[in-house]
Amino acid sequence: MAFKDMTGQKVPNAVFHTRQGDQWVDVNTDELFSGKKVVVFSLPGAFTPTCSSTHLPRYNELADEFKKLGIDDILCVSVNDTFVMNAWADDQESDKITLIPDGNGEFTEGMNRLVSKEDLGFGKRSWRYSMLVDDGVIVKIFDEPEKDGDPFEVSDADTMIKFLNPDWEEKPSVTIITKPGCDFCAKAKEALKSHGVAYEEVVLGRDASMTSVRAITGHDTVPQVFVGGKRIGGSEELETYLVSDDCAV
């Protein structure tokens, strides 16, 4: 198996048959790539383990970081039909990624990366790779090594973002536990936003219970803010932390 080096070439022309609501909508490559800087990652199949646990979620997690580096869109391509891709999107944290159903494999074949997965009962699927595309022209491709199985070493989001900016360093993850109608929670979220800090919100009654909060934090009040695994505390402690020398975000 030898993959053609497509660097410097235009992406292949293809039409993707998508289902949006109750309507069929055809999307072509010009719409996806023309006048844009786009990151593409392609994978063997929706709902498969590596694709669901790591590949797609990490690109979604870093989508805002890619945007800061001038990326207009992030596309996830798979040789699956639109109904499968839509169901996978609903199942995943993928709101910042555009999932593209290459149901007939035309785009993937044009990329010379349509491979046989018949040993797994998959038929023809895409080899795992990622690429940077500028106005329809391929700037860089990261192909996974030609090994048996499903290698996942270089097409990940971190490799791509470090290609775009070799000095990029990941900031610690931030989580805030809140409950509806809590003024102190609103104050803490506003403080994070005003400092440009991205965060994930865990809402009591929807995502967790007060029992979980006590078990995790040893406290029975909200908000509770965590940075990189370290408990910061409530809204007042957060405001102090954000202007301190210890602030890592």
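These are my notebook entries on one predicted protein model.

**Ground rules**

I worked on a predicted model, where local features need pLDDT of at least 70, side-chain atom pairs count only at pLDDT 80 or more, and totals for chains, interfaces and linings use all residues. I numbered residues from 1 along each chain as its sequence is written, and side-chain values use heavy atoms, with hydrogens and water left out.

**Overall picture**

I looked up the secondary structure. The protein has nine helices and 13 strands. These are DSSP runs, numbered from the N terminus: helices are H or I with at least four residues, strands are E with at least two.

I fitted a box along the principal axes. The C-alpha atoms fill roughly 55 × 35 × 35 Å.

I checked burial. Of the 249 residues, 43% are buried. Buried means under 20% relative accessible area, exposed means over 50%, and partly exposed lies in between (1.4 Å probe, protein chains only).

I then looked at contacts, meaning heavy atoms within 4.5 Å. Among contacts with a separation of 6 or more, 61% join residues 24 or more positions apart.

I located the charges. There are 26 positive and 44 negative ones, and their mean positions are 2 Å apart. Lys and Arg count as positive, Asp and Glu as negative; His and the chain ends are not counted. I placed each charge at NZ of Lys, CZ of Arg, CG of Asp or CD of Glu.

**Cys51**

I started from the record. An unreviewed UniProt entry lists Cys51 under "active site". UniProt positions follow the numbering used here, feature names are shortened, and annotations may be inferred rather than shown by experiment.

I found Cys51 in helix α2, residues 49-61. Its relative accessible area is 0%, so Cys51 is buried. I listed its contacts, leaving aside neighbours within four places in sequence. They are Leu43, Pro44, Gly45, Leu56, Pro57, Trp88 and Arg128. Phe152 is 101 residues away along the chain, yet its C-alpha is 9.5 Å from that of Cys51.

**Cysteine pairs**

I searched the whole structure for disulfides and found zero. A disulfide here is a pair of cysteine sulfur atoms within 2.5 Å. Cys185 counts as buried because its relative accessibility is 2%.

I looked for cis peptide bonds. The bond from Val222 to Pro223 is cis, with omega near 5 degrees. Pro223 sits in the loop between α8 (210-217) and β12 (224-227).

I looked for positive phi in residues other than glycine. Phe47 has phi near 70 degrees. Phe47 belongs to the loop between β3 (37-43) and α2. Its relative accessible area is 43%, so Phe47 is partly exposed.

Asn112 has phi near 60 degrees, also positive. Asn112 is placed in the loop between α5 (106-110) and β6 (114-116). Asn112 counts as partly exposed because its relative accessibility is 33%.

**Asn80**

I placed Asn80 in the loop between β4 (73-78) and α4 (82-91). Gly103 is 23 residues away in sequence, but the C-alpha atoms of Asn80 and Gly103 are 4.7 Å apart. Beyond four places in sequence, Asn80 contacts Gly45, Ala46, Met85, Pro101, Asp102, Gly103 and Arg125.

**Ile100**

I placed Ile100 in strand β5, residues 98-101. Ile100 counts as buried because its relative accessibility is 4%. Not counting residues up to four places away, Ile100 touches Phe16, Leu32, Leu75, Cys76, Val77, Ser78 and Met85. I also checked Lys37, which lies 63 residues away along the chain; the C-alpha atoms of Ile100 and Lys37 are separated by 16 Å.
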